[in-house]
Amino acid sequence: PAAQAETRLRGITIQVGRTGALTPVAELEPVFLAGSTVARATLHNEDELRRKDIRIGDVVVIEKAGEVIPAVVRVVPEKRTGTEAAFTFPRECPECGTATAKESVVGGEGAVWRCPNPDCPAQIRGRIGHWCRRGAMDIEGAGDVLVSQLVQAGLVRDVSELYRLKVE
């Protein structure tokens with residue numbers, strides 16, 4: 001069985017992925033687990049937050065899924081003090097301010113909130129970073145920091161622009 005640890009959920013932040021998916025991330029009191037200190041863990045999506053009744057301030061049990069990715073397994077409700085607060089998904093993208101939309105699927109609502117703006121800086125960084133990774137073009141030295149710098153400087157907004165860059 002995977003090693004587990006208890007810690008307090010300090011807050012929840014939102015990451016915007018390359019497809020515009022908004023993913024909640026647990027900001028935790030750091031705890032040592034399976035060989036490393038864990039301070040952040042995935043919360044997957046809004047439905048998962050509700051299903052597990054996760055609130056800011058909760059004591060939670062975390063584990064490393066596959067001994068790698070930290071995830072919140074469950075809340076420890078008997079340790080609630082009454083000061084815990086429910087998390088509300090943002091109705092605007094935290095990166096670009098565009099109104100978010102809940103993904104629709106056949107038969108009802110989906111679980112994923114998205115930023116529909118293809119020009120969202122987070123999506124641009126995600127697409128370019130994905131293109132540069134080992135499983136795609138394997139561009140040496142083109143990690144998250146360099147990709148962020150290129151996008152922030154306005155030098156790259158699309159993968160094709162990577163091939164127009166000059167050394168200077």
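Colleague: How many nonpolar, polar and charged residues does the lining of the largest pocket have?

Modeller: Start with the terms. On a 1 Å grid over the protein atoms alone, a pocket is an open set of points where a 1.4 Å probe fits, with protein on both sides within 12 Å along at least five of seven lines, and lining residues have an atom within 4 Å of a point. Ala, Val, Leu, Ile, Met, Phe, Trp, Tyr, Cys and Pro count as nonpolar, Asp, Glu, Lys and Arg as charged, and the others, Gly among them, as polar. Here the lining of the largest pocket splits into three nonpolar, three polar and three charged residues. This is a predicted model, in which local features need pLDDT of at least 70 and side-chain atom pairs count only at pLDDT 80 or more, while totals for chains, interfaces and linings use all residues. Residues are numbered from 1 along each chain as its sequence is written, and side-chain values use heavy atoms, with hydrogens and water left out.

Colleague: Which residues line the largest pocket, and which element gives the most to the lining?

Modeller: The lining is made up of V16, A122, R125, G126, G129, R133, D144, V147 and S148. Two elements give two or more residues to it: helix 2 (121-132) and helix 3 (144-152). Helix 2 gives the most, with four residues. Helices (H or I, at least four residues) and strands (E, at least two) are DSSP runs, numbered from the N terminus. As for volume, meaning the space filled by probe spheres set on grid points that are joined across faces, edges and corners, this pocket has about 170 Å³.

Colleague: What is the order of the elements along the protein chain?

Modeller: From the N terminus on, it reads β-β-β-α-β-β-β-β-α-α. That comes to three helices and seven strands. The C-alpha atoms fill a box of roughly 60 × 40 × 30 Å along the principal axes.

Colleague: How do I read burial, and what percentage of the residues count as buried?

Modeller: Buried means under 20% relative accessible area, exposed over 50%, and partly exposed in between (1.4 Å probe, protein chains only). Of the 168 residues in the protein chain, 36% count as buried.

Colleague: Which residues have the most contacts inside the largest nonpolar core?

Modeller: A nonpolar core is a set of buried Ala, Val, Leu, Ile, Met, Phe, Trp, Tyr and Cys residues joined through side-chain atoms within 4.5 Å. The largest one has 25 residues, and L28, I62 and V72 have the most contacts inside it. Strand 1 (4-16), strand 2 (22-33), strand 3 (36-42), strand 4 (59-65) and strand 5 (69-75) each supply at least two residues of this core. Apart from it lies another core of nine residues, including I128, A142, V151 and V156.

Colleague: What is L28 in contact with?

Modeller: Contact means heavy atoms within 4.5 Å. Leaving aside neighbours within four places in sequence, L28 touches T7, R8, L9, R10, V38, A39, R40, A41, V60 and I62.

Colleague: Is K52 buried or exposed?

Modeller: K52, found in helix 1, is buried because its relative accessible area is 17%. Beyond its neighbours within four places in sequence, K52 is in contact with V72, V73 and V75. The C-alpha atoms of K52 and V72 are separated by 9.2 Å, although the two are 20 residues apart along the chain.

Colleague: Where are T13 and S104 found?

Modeller: T13 is in strand 1 and counts as partly exposed, because its relative accessibility is 31%. S104 lies in strand 6 (residues 101-105) and counts as exposed, because its relative accessibility is 63%.

Colleague: What is the phi of D53, and what is the phi of D138?

Modeller: The general idea is that most residues other than glycine have a negative phi. Phi of D53 is near 50°, a positive value, and phi of D138 is also near 50° and positive. D53 is found in the loop between helix 1 (46-52) and strand 4, and D138 in the loop between helix 2 and helix 3. D53 is partly exposed at 33% relative accessible area, as is D138 at 47%.
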